[in-house]
Amino acid sequence: MIADHSANQTKAQPELVALFVSDTHLNATLPLTTAAFLSFLDKQATQAKSLYLLGDLFEYWVGDDNINDSYNLPIVQALRKVHDHGVQLYWIAGNRDFLIGADFSAATGAILLNDPSVIDLAGKKIVLSHGDAQCTDDHAYMKFRAQVRQAEWQTTFLAMPLEQRKKIIEGLRTESKMEQKQKSVAIMDVNADAIAALFLQTGSSTMIHGHTHRPAIHTNNGQTRHVLPDWDCDCDDQTKRGGWLAAYSDGNIQAYNWDGNLK
């Protein structure tokens, strides 16, 4: 009798359950970074069941009435294409694009999540955040963050003419860059106690966030914290950076570089 080994010839591969990305800081001055992200949406994102965008997708966002801007619209359309492919999109606001709202959600199909949010994925309870709320040592930034996240402040700002808002945001970006040069690296990183409190508050053992631009995997007391990278493909080849996390149905979470290669 000849044994039938056909059932064992192909081992089932784990399903790509979700992708996580943040801090692409898309803007017209970074054409190669923009192209790399659009390639990621077309080639990788369409293969997943869900895509989580964890903030600072755009370098800045002055309001949903700027969706039809010549730079913004192709990105919005690319996100919609991913959604229409059957991929569920989720969005958590960053410190650069916290003015993303209902019109953006409708245009892209993305579900806007609170920061933090907890998801159950492949048997894991994962807490998601942009990460800036945990940078509690930066007192000046935390005060600014509290101000601009107030509904009254946002209503007043969004009532201003579009061009005026753009000028204000440009001024804030310039001021922020100058302040960052005067701050220590430690102050701009997440606070260990804030991270521990978030794990405790959510009952999660896995965390994924961005913001700090310090990609790494931190493990402590059975807890794992994945930090997403920022993107910049417009520098020289040796310093190009960016990437995403991929979560599979077997519970594995793997990091990939901007070019699609495993880290």
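Modeller: First, a term: two strands pair when DSSP finds at least two bridges between them. Keep in mind that this is a predicted model.

Biologist: How many residues lie between E5 and E6 in their hairpin?

Modeller: Strand E6 covers residues 124–128, and E5 pairs with E6 in the antiparallel sense over 5 bridges. Leu121 of this pairing stands opposite Lys124 in E6. The turn of the hairpin holds Ala122, whose phi is positive at about 50 degrees. The number of residues between the two strands is 2.

Biologist: Which strands are the edge strands of the open sheet?

Modeller: The sheet has 5 strands, with mixed pairing, in the order E5-E6-E7-E9-E8. An edge strand here pairs on one side only. That picks out strand E5 (117–121) and strand E8 (216–220).

Biologist: By how many degrees are neighbouring strands of this sheet turned against each other on average?

Modeller: Take the strands of the order E5-E6-E7-E9-E8. Compare neighbours and ignore direction. The average turn is 20 degrees.

Biologist: Do E6 and E7 pair in the parallel or the antiparallel sense?

Modeller: Strands of a sheet pair through backbone hydrogen bonds, in one of two senses. Between E6 and E7 there are 3 bridges. One of the residues involved is Val127, with Met207 as its bridge partner in E7. The sense of the E6 and E7 pairing is parallel.

Biologist: Which residue in E9 is the bridge partner of Asn220?

Modeller: Strand E9 covers residues 223–227. E8 and E9 pair in the antiparallel sense over 5 bridges. The partner of Asn220 in E9 is Gln223.

Biologist: Is Ser204 buried or exposed?

Modeller: Ser204 sits in the loop between helix H8 (192–202) and strand E7 (206–209). Leaving out residues up to four places away in sequence, Ser204 touches Val118, Lys125, Ile126, Val127, Phe199 and Gln223. Its relative accessible area is 5%, and the cut-off is under 20%, so Ser204 counts as buried.

Biologist: Which side chain makes a polar contact of 3.1 Å with the side chain of Ser204?

Modeller: Start from the loop between H8 and E7, where Ser204 is found. A polar contact needs a pair of N or O atoms within 3.5 Å. At 3.1 Å, the partner of Ser204 is Thr202.

Biologist: Is the peptide bond from Asp115 to Pro116 cis or trans?

Modeller: Most peptide bonds are trans. Pro116 lies in the loop between strand E4 (111–112) and E5. Omega for the bond from Asp115 to Pro116 is near 5 degrees, and the bond is cis.

Biologist: What value does phi of His211 have?

Modeller: Most residues other than glycine have a negative phi. His211 is found in the loop between E7 and E8. His211 is buried, at 15% relative accessible area. Phi of His211 is positive, near 80 degrees.

Biologist: What does His213 count as, judged by its relative accessibility?

Modeller: His213 also lies in the loop between E7 and E8. Its phi is positive, about 65 degrees, though it is not a glycine. The relative accessibility is 34%, between the cut-offs of 20% and 50%, so His213 is partly exposed.

Notes:
Residues are numbered from 1 along each chain as its sequence is written. This is a predicted model: local features need pLDDT of at least 70, side-chain atom pairs count only at pLDDT 80 or more; totals for chains, interfaces and linings use all residues. Side-chain values use heavy atoms; hydrogens and water are left out. Helices (H or I, at least four residues) and strands (E, at least two) are DSSP runs, numbered from the N terminus. Buried means under 20% relative accessible area, exposed over 50%, partly exposed in between (1.4 Å probe, protein chains only). A polar contact is a pair of N or O atoms within 3.5 Å; within protein, one must be able to donate a hydrogen and the other to accept it, and residues adjacent in sequence count only if both atoms are side-chain atoms. Contact means heavy atoms within 4.5 Å. Axes are lines fitted to C-alpha atoms, for helices over the stretch in contact, and angles run from 0 to 180 degrees between N-to-C directions.
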